[in-house]
Amino acid sequence: YILIPVVDDWKFKAHYDKIMKQIVYMYMYMIPHFEHKSVALPLLGSGIGGLDRKEVEKMVLKLSEGARNLFDIETHIYK
């Protein structure tokens, strides 16, 4: 399991840029060191974090397309 923090404090709402940075970090620095070729992600920040689910999904899909091309990693999104 990989924990991906998207807020600095539980009192604050999530931000798209923080989620994007964390997902990029996961793909670039963590996933290549694992043997697995797939990852499953929830829609980070779209629950209690208050972000729009559709916008988060678009962002994750765009980033996952790059990960598939660079690292041959398949991404599954839990909605």
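**Close-up views of a predicted model**

**View 1. The two sides of helix H1.** In this predicted model, the exposed residues Lys 21 and Tyr 29 are carried on the face of H1 that is turned away from its buried side. The buried residues of this helix are Ile 19, Gln 22, Ile 23, Met 26 and Tyr 27; viewed down the helix axis, they fall within an arc of 130 degrees and so line one face of H1. These buried residues pack against E1, H2 and strand E2 (74-78).

**View 2. The length of helix H1.** With 15 residues at 1.5 Å a residue, H1 should span 21 Å, and the distance of 20 Å between its end C-alpha atoms agrees with this expectation.

**View 3. The largest nonpolar core.** This core has 19 residues, and those with the most contacts inside it are Ile 19, Ile 23, Met 26, Tyr 27 and Leu 41. At least two residues of the core are supplied by each of helix H1 (16-30), strand E1 (38-42) and helix H2 (53-71), and the largest share, 5 residues, comes from H2.

**View 4. The surroundings of Leu 41.** When its neighbours within four places in sequence are left aside, Leu 41 is in contact with Ile 4, Ile 23, Met 26, Tyr 27, Val 60, Thr 75, His 76, Ile 77 and Tyr 78.

**View 5. Ser 64 in helix H2.** Ser 64, which lies in helix H2, has a relative accessible area of 6% and is therefore buried, the cut-off for this term being under 20%. Residues up to four places away in sequence not being counted, Ser 64 touches Tyr 27, Ile 73 and Thr 75.

Methods:
Residues numbered from 1 in each chain as written. Predicted model: local features only at pLDDT ≥ 70, side-chain atom pairs only at ≥ 80, totals over all residues. Heavy atoms only, no water. Core = buried A, V, L, I, M, F, W, Y, C linked by side-chain atoms within 4.5 Å. Buried < 20%, exposed > 50% of the residue type's maximum accessible area, 1.4 Å probe, protein only. Helix = DSSP H or I, 4+ residues; strand = E, 2+ residues; numbered from the N terminus. Contact = heavy atoms within 4.5 Å. Expected span 1.5 Å × (residues − 1). Arc of directions from axis to C-beta.
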